[in-house]
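Please look over the sequence and the fold before reading on. The notes that follow are grouped by topic.

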Amino acid sequence: MEPVDILVFGAHPDDAEIGMAATIAKHTRAGRKVAVCDLTRAEMSSNGTVENRLKEAEEASRAIGLTARTNLALPDRGLFVCREHIDPIVSEIRKFRPRLVFAPYWQDRHPDHVACSHLVQEAVFNAKLRNYKPLGDEADLPAVTVEQLFFYYINDMDDPRLVVDVTDVYEAKRKALGAYRSQFAPAQAGIDYVPTPLTQGYVERVEARDRLLGQKHLIGLAEGFTSKIPYRVNLF
């Protein structure tokens, strides 16, 4: 597996795009390698099918220039902090050997986003332990120490500590979110559909959030992140 600069985890296809599609696009356009790993196939979604979601994820991946996208096929609405769910994530980290890892913020209205956050935190720690062997991993990949773990926001934003100016690449985020027609598009005639919070102007609210965050720094649009440890920068 080709090493990447950034590895992003999400509970479902579209989580990473909601939180940081433009930041991903900013890095891929600068020549950085970015991969996304979705933990589940979102089989419990009220709208769309697993097959459609995978196709939509492929389209979104092209829009933001991903190097790779994987899916662990863990149970949707059945994510728990247990070794059976931690170890596949450890293996992904060791396969991709990223410098940076991103996960959903640990507080969110969707329980799967919260579970994903905690699972990734556990996996990042375990991935660096030389003597830790993931269950069922016959590759015996070497340990990996991730330089920094960041958290992106999906539904709930709380005191972002890091802001990325994405004004010049935001159209890529619009295209990526637009790929998930089964989740965000209004009702269409002849299609089995139920209204959800995602179909009630959700994408527009995401952009309004990103625009409001940008306003605080006198820029057009921004995506926010946080970390549990201080982020190191070289000021000069």
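What covers the buried residues of α2? The cover includes α1 (15-29), β3 (68-74), α5 (170-178) and α6 (181-184), where helices (H or I, at least four residues) and strands (E, at least two) are DSSP runs numbered from the N terminus. This is a predicted model, in which local features need pLDDT of at least 70, side-chain atom pairs count only at pLDDT 80 or more, and totals for chains, interfaces and linings use all residues. Residues are numbered from 1 along each chain as its sequence is written, and side-chain values use heavy atoms, leaving out hydrogens and water.

**Helix α2**
- Val50, Arg53, Glu56, Ala57, Ala60, Ser61 and Ile64 are the buried residues of α2, buried meaning under 20% relative accessible area and exposed over 50%, with a 1.4 Å probe and protein chains only.
- These residues lie on the same side of α2, because they cover an arc of only 145° around the axis, taken from the directions from the helix axis to the C-beta atoms.
- On the other side of α2, Glu51, Lys55 and Arg62 are exposed.
- Just after α2, Gly65 adopts a positive phi of about 80°.

**The sheet**
- Seven strands make an open sheet of mixed pairing, in the order β3-β2-β1-β4-β5-β7-β6, where two strands pair if DSSP finds at least two bridges between them.
- β3 and β6 (162-165) stand at the edges with a single partner strand each, so one side of each is left without a neighbour in the sheet.
- Strands β5 (residues 148-152) and β7 (residues 222-226) pair in the antiparallel sense over two bridges, and Phe151 has Thr226 in β7 as its bridge partner.

Conventions: Contact = heavy atoms within 4.5 Å.
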